[in-house]
Amino acid sequence: MTLELGGDDPLVLLTPGPAGTSPAVKEALTRGDWCHREAEFRALLDGIRRDLAQSLGVGETHEALLVTGSGTAAMELAVIGAVREGRALLALRNGVYGDRLAHIAQAHGITVHSVHRPWTEAFGPELVRAALAEHPDIDAVSCVQHETTTGLVNPVDEIGAVVREHGAAFVLDAISATAIENVGHEQTGGSFIGGTANKGLHGIPGMSFVLLDAFGEARLRAAPRRSVYFDGAAHLDAQRRGEVLFTPAVQVCFALAEAIAEFQKAGGFEARTALYRQRAAQLRGGLAKLGLRPIIAEPHRANSVSMFPLPPRVSYAELHDALRREGFVIYAGQAGYAAGHFRVATMGELPSRQIERFVASLEAVLPGVGSAP
Ligand SMILES: *Cc1c(COP(=O)(O)O)cnc(C)c1O
């Protein structure tokens with residue numbers, strides 16, 4: 001069987017974004033050519049901002065700032081808006097995305113103090129407390145809720161409590177955790193919580209957002225203007241007036257509004273996180289029968305991404321290609337995990353029969369790969 005993208009039988013993406021979308025979300029893209037300076041777009045913008053904050057459990061405390069760009073764009077706006085002149089960022093780093101937040105700060109000339117953990121180990125509140133005590137110039141702490149690198153979840157509720165107690169701003173990369181992981185945004189103490197349209201919300205790539213509380217807003221206004229495109233205070237003022245500073249991804253906003261409506265209709269946060277737990281259990285149960293176990297131990301395993309060691313003598317490329325011929329796209333490991341591991345994500349619109357079919361396909365292709373000496 002040969003499969004081509006866009007064919008009758010599209011590839012099933014077992015990748016951590018972009019995630020599969022529903023027919024209605026795809027159709028929303030064709031709603032029409034709208035000008036972002038007209039009343040109809042204003043209403044759409046207001047609705048998305050309100051519904052995002054409410055449906056993600058922080059409607060009473062946070063306001064959604066929409067950002068045109070991928071998730072990294074939202075995080076760049078957040079990181080550079082969280083640190084005042086002459087102060088520093090404490091970056092908690094146990095994967096590629098935690099590193100990225102440090103790199104963003106460094107690129108803008110912000111002093112960074114880093115705490116590193118092995119990529120298979122979570123941060124705990126004690127490490128954070130110690131680092132805060134060590135560096136009196138820390139103004140903000142950055143952390144990734146779900147490190148997509150390995151499928152590891154940091155206990156951001158415990159970390160956030162320590163950061164808040166210290167009086168620093170908590171900058172949370174929740175991009176692959178929003179609507180997926182069990183700890184909801186309202187439990188994190190995050191003053192800047194970054195999310196994206198195309199992971200747990202099942203929208204189309206191109207729009208991201210930062211959920212800001214009052215402390216986050218005050219920080220945005222106190223931080224120097226380090227960027228024109230990512231000037232968070234200017235975006236916030238404009239969006240409160242129902243305006244946008246620059247051309248937004250208008251059609252991606254149509255799809256995002258539809259995706260949020262579907263999320264709410266399907267039961268919101270509780271229902272979606274339960275769905276993700278169920279998928280993770282189905283995938284891991286199936287792969288355990290083939291002798292494959294995720295490298296991250298409980299209780300830090302993510303609900304959407306699992307990283308497994310490759311079986312002996314099997315290369316990633318070989319396994320990827322064999323599974324692609326069966327209709328599935330898996331994902332490689334990164335950096336030190338690129339050669340010996342593979343990742344499977346159960347993100348987006350993904351019927352459970354596809355997970356079942358994936359497990360069966362993996363079982364079928366395994367004996368044929370890696371037989372070369
Ligand atoms: C996907 C992701 C991002 C954003 O990546 P983009 O390629 O910019 O969309 C950021 N952080 C985490 C943890 C992610 O999984």
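User: Which strands does helix H5 lie across?

Analyst: In this predicted model, helix H5, which covers residues 125-134, lies across strand E3 (88-93), strand E4 and strand E5 (138-144), and the helix runs at about 155° to E3.

User: And what does helix H7 touch?

Analyst: Helix H7, residues 214-222, packs on the sheet, where it touches E5, E8, E9 and strand E10 (207-212); the direction of H7 makes about 105° with that of E10.

User: OK, the sheet itself then: in what order do the seven strands come?

Analyst: The order is E2-E10-E9-E8-E5-E3-E4, in an open sheet whose pairing is mixed. At the edges are strand E2 (63-68) and strand E4 (111-116), each of which pairs on one side only, and from one strand to the next the twist averages 20°.

User: Do E8 and E9 run parallel or antiparallel, and how many bridges join them?

Analyst: Strand E8 (residues 169-173) and strand E9 (residues 192-196) run parallel and are joined by three bridges; as one example, Asp-173 has Gly-194 in E9 as its bridge partner.

User: What about the sheet with E11, which strands are in that one?

Analyst: That is an open sheet of three strands, ordered E11-E14-E13, with antiparallel pairing. Strand E11 (305-309) and strand E13 (331-332) are the edge strands, each pairing on one side only. Between E11 and strand E14 (residues 341-345) there are five bridges, and the partner of Phe-308 in E14 is Phe-342.

User: What does Val-141 touch, leaving out residues up to four places away in sequence?

Analyst: With those left out, Val-141 touches Leu-89, Leu-90, Leu-92 and Leu-132, and also Val-163, Ala-168, Ala-169, Phe-170 and Val-171. As general background, nonpolar side chains tend to be buried together in soluble globular proteins.

User: Last one: is helix H3 mostly covered or mostly open?

Analyst: Helix H3 (residues 71-81) is mostly covered, since nine of its 11 residues are buried, taking buried as under 20% relative accessible area. The buried residues of H3 are Gly-71, Ala-73, Ala-74, Met-75, Leu-77, Ala-78, Val-79, Ile-80 and Gly-81.

How values were computed: Residues are numbered from 1 along each chain as its sequence is written. This is a predicted model: local features need pLDDT of at least 70, side-chain atom pairs count only at pLDDT 80 or more; totals for chains, interfaces and linings use all residues. Side-chain values use heavy atoms; hydrogens and water are left out. Buried means under 20% relative accessible area, exposed over 50%, partly exposed in between (1.4 Å probe, protein chains only). Helices (H or I, at least four residues) and strands (E, at least two) are DSSP runs, numbered from the N terminus. Contact means heavy atoms within 4.5 Å. Two strands pair if DSSP finds at least two bridges between them. Axes are lines fitted to C-alpha atoms, for helices over the stretch in contact, and angles run from 0 to 180 degrees between N-to-C directions.
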